[in-house]
Amino acid sequence: MILSIPSASTFSGDIDGLVTLVSWLVGVWFFATQAMFFWLLWRFRARDGVKSQYITGKEPHLKRWINIPHALVLVCDVVIIIAAVRVWVKVKQTLPPPDDNIKVVGQQWTWTFQHGGSDGVLDTADDIWTSDTLHVEVNKTVQFQLESKDVLHSFFVPVFRLKQDAIPGRTITGWFQATQTGNFDILCAEICGIGHGIMGGRIAIESPEEHAAWVQAHTVVADAGTATIDSTAAVSAGATN
Amino acid sequence: MTHHAHAESHGAGHAAHAEQNWFLKYFWSTDHKIIAMQYMFTGMLMAMIGGFMAYVFRMQIAYPGMNVPFFGHVSPDAYNSLITNHGSIMIFWVAMPVLIAGFGNYLIPLMCGCDDMVFPRLNRLSYQIFLLSAIILIWSLFVPGGGFGGAWTAYPPLSSTAKYNLTPMGSSMWVLAVALEFAAFLMGGINFIVTAMNARAPGMKAYDVPMVVWMIVVASLLFMASVGPLIAGAVMLLMDQNLGTGFYNPDRGGDPILWQHLFWFFGHPEVYVVLLPAMGIVAEIMTVFARKKMFAYKTVIYTVIATGVLSFFVWAHHQFVAGIDPRMANVFTVTTVLISIPIAEMCFLYIATLYGGSIKFTTPMLWALAFMAEFLVGGVTGIYLGASGADIFFHDTYFVVAHFHYTFYPIAIIGTIAGLTFWFPKMFGRYMNETWGKIHFWGTIIPFNFIFIPMFWLGMSGEHRRIYDYTNFPDLAVPWMQQLRIVSTVSLVIMLLFQFPFLWNFIYSMFKGKKAPANPWNANTLEWTTPSPPPHGNWPADDMPTVYRGPYEYASPGRDTDYWPQNERA
């Protein structure tokens, strides 16, 4: 495997596969070109009594050595483009029907997560807000709404191979489906001011039982209302200091 | 106007200027060679500043929280300012002035066989404005609030809004410096184009022009065609910062992504603006030290032009995940990956030039060859990023950092040193020391790879950019990743230390080096036909060169010598 980090979403394997394909295609060219380059340097090093040759580049038997590889590069390019577009369309241009909905809001310098709660629908009474950890259920398609309150941020979950910039004034929709449980980093991949180096969070990918228990435990708090509002307020206050 | 009339009018001008005092000669000189050296030395000084910044922030990454020797504690805002200004300096105040303005000014009149630039006073003004821009940039590091820290790409709203970036003065001065710098290079660019097109020696046809002149002209055309939108964008950014306009502010109906389009519409051609002069320098050196004609000279020029044209249609590959319409990524991934067609052709033709050669591994040649070997790494890793699906993961990770340093480092450092060591005997009439040159070469190239190869690996493991302390993130704080960061940093320190022998060699040889003849490398192009260093006016006004053949007639059959200067009568 090329990438040495866990692969934890349904499309991370596609992206890793694309990376592997590109590695093979450009790797072969890279090593072949370097080998040719160093061989020429050795073969045509200056030696006493050996003059260089007068070659214009119009000689058909030499031009072949340029033209055939060049055509093959074009073929490789077409393969890479097709593979890249296929992965892109799957990750960024399709929106599978969601099992759960979340909203991710970036602000200097924290992520705030609004979970759909027990009904999986946003902006209902059972929503759960957190500011450090995003809780999702494994093997469920999660649709996210990504927003920013101030500057550009970028929602980056390396184990999902997922990245999307958050832009103030817009809501960007995307999705993921986790394939293994565990706790992983959520990063901000777009420089967002002096706190950029501390802006991050964790994603907790939970089994159905764990997730249900977490939702259950926090819905009670959410119903009371105050705790949630306090925590969001604390986050905002912390960020504006 | 005939060429000779042109030369005479300038010759008379030079005579009248003979009594200039020291100040006028060095501060108001319109001699293209003096201006070229001013650009080069200013660029080298800025490179030292930019290199020092890299040392400071790499120390902070490897050993978070340490007191960096010669700097002190690196606070998060200082860190952001260091990375921002390192990038800005290395591209706008090192690569641009040295490669385009420095070599362009020095080489175009000498290689085209004319006495000076067509617009010498505009040339002078260009440097003065450039110097002003450099002073403003350095000054911005010391104003209240500190230097701008929003990355060299300066994405708004962070760059446009003081309450977000917390550097109200620093960010405005940064934008002002960048805008002035672009204005300076616009003036330089028009000079390069007009001089190379209109002031060539009699007999020098378009396809007799040396590769480096072609490339600087194409680079200047790219620059002039792409920089307009960015200057407009920079002015809008200044107005957003200081006058309360809302071009990039969504609350006032503006759009932050507008800046990204304007920036990268310039920013991607800019890569080729600096790449092409470096490729040109490498072509001159490879042909001389392989004693070879350029393989398929015309095809190389066509690939340069094709690359230049294509480079205007790839900019949004920097914005795949920036929130643009995702369908746009499909268009831009096609254009981006296809730019490998002319670039691969160009690299193949360069490598083919070595075939049948008689290759001498002098210091300039080692640098030129290293350019090829290292630039290939930068080229192929660009495919990963141009492939939209893979860029979802790689965007803004250290993979990108490693990739573009494998392109920009060969361009701005390797290409520059290749050119400096190659034309040093022409500039100063003396040789540089070869032994020290080779020590410097290996001491730079080996650590260079140890700086950036770990970064590919870190980027593939999800390490994102512009973070002053990775121990804040559990998955990135693991020991093996920190050890790779230390490898990078230690290699950087070694590489920087190896620049001192070069500086010493450069300064010592300038005054005390072995005397060099007019044509020490037995090269063909016109600059080697005039004494070293060339006098004011380059050639005697009544003995300007005439050109009879192309620039790369090495090992031409039926001749005793293996070179054939362009101005030698058949």
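1. Let me begin at the end of a helix: H4(B) is followed by B:Gly113, and the phi of B:Gly113 is positive, near 75 degrees. Please keep in mind throughout that this is a predicted model.

2. The helix itself deserves a look. H4 of chain B covers residues 76–112, 37 residues in total. From first C-alpha to last, H4(B) reaches 50 Å, close to the 54 Å expected at 1.5 Å a residue. Along the way, H4(B) bends by about 45 degrees at B:Pro97.

3. Is H4(B) enclosed or open to the outside? Of its 37 residues, 36 are buried, so H4(B) is largely enclosed by the rest of the structure.

4. Over in chain A, 5 strands make an open sheet with mixed pairing, ordered E3-E2-E1-E5-E8. Strands E3 (128–130) and E8 (172–177) of chain A are at the edges; each has a single partner strand, so one side of each lacks a neighbour in the sheet. On average, neighbouring strands here are turned by 25 degrees against each other, direction ignored.

5. Within that sheet, E1 (residues 100–107) and E5 (residues 141–148) of chain A pair in the parallel sense over 7 bridges. If you want a place to start, A:Asp100 stands opposite A:Val142 in E5(A).

6. Finally, confidence. The predictor gives the complex an ipTM of 0.92 and a pTM of 0.93. Chain B averages a pLDDT of 93, with 96% of the residues scoring at least 70. Residues 1–17 of chain B, however, have a pLDDT below 50, and this stretch has 19 contacts in the model beyond near neighbours in sequence.

Conventions:
Residues are numbered from 1 along each chain as its sequence is written. Chains are lettered from A and ligands numbered from 1 in the order in which they are written. This is a predicted model: local features need pLDDT of at least 70, side-chain atom pairs count only at pLDDT 80 or more; totals for chains, interfaces and linings use all residues. pLDDT is the predictor's confidence in each residue, from 0 to 100. Two residues are in contact if their C-beta atoms, placed from the backbone, lie within 7 Å. Helices (H or I, at least four residues) and strands (E, at least two) are DSSP runs, numbered from the N terminus. The expected span of a helix is 1.5 Å times one less than its number of residues. The bend at a residue is the angle between axes fitted to the seven residues ending there and the seven starting there. A residue is buried if 20 or more other C-beta atoms lie within 10 Å of its own, exposed if 12 or fewer, and partly exposed in between; C-beta atoms are placed from the backbone. Two strands pair if DSSP finds at least two bridges between them. Axes are lines fitted to C-alpha atoms, for helices over the stretch in contact, and angles run from 0 to 180 degrees between N-to-C directions.
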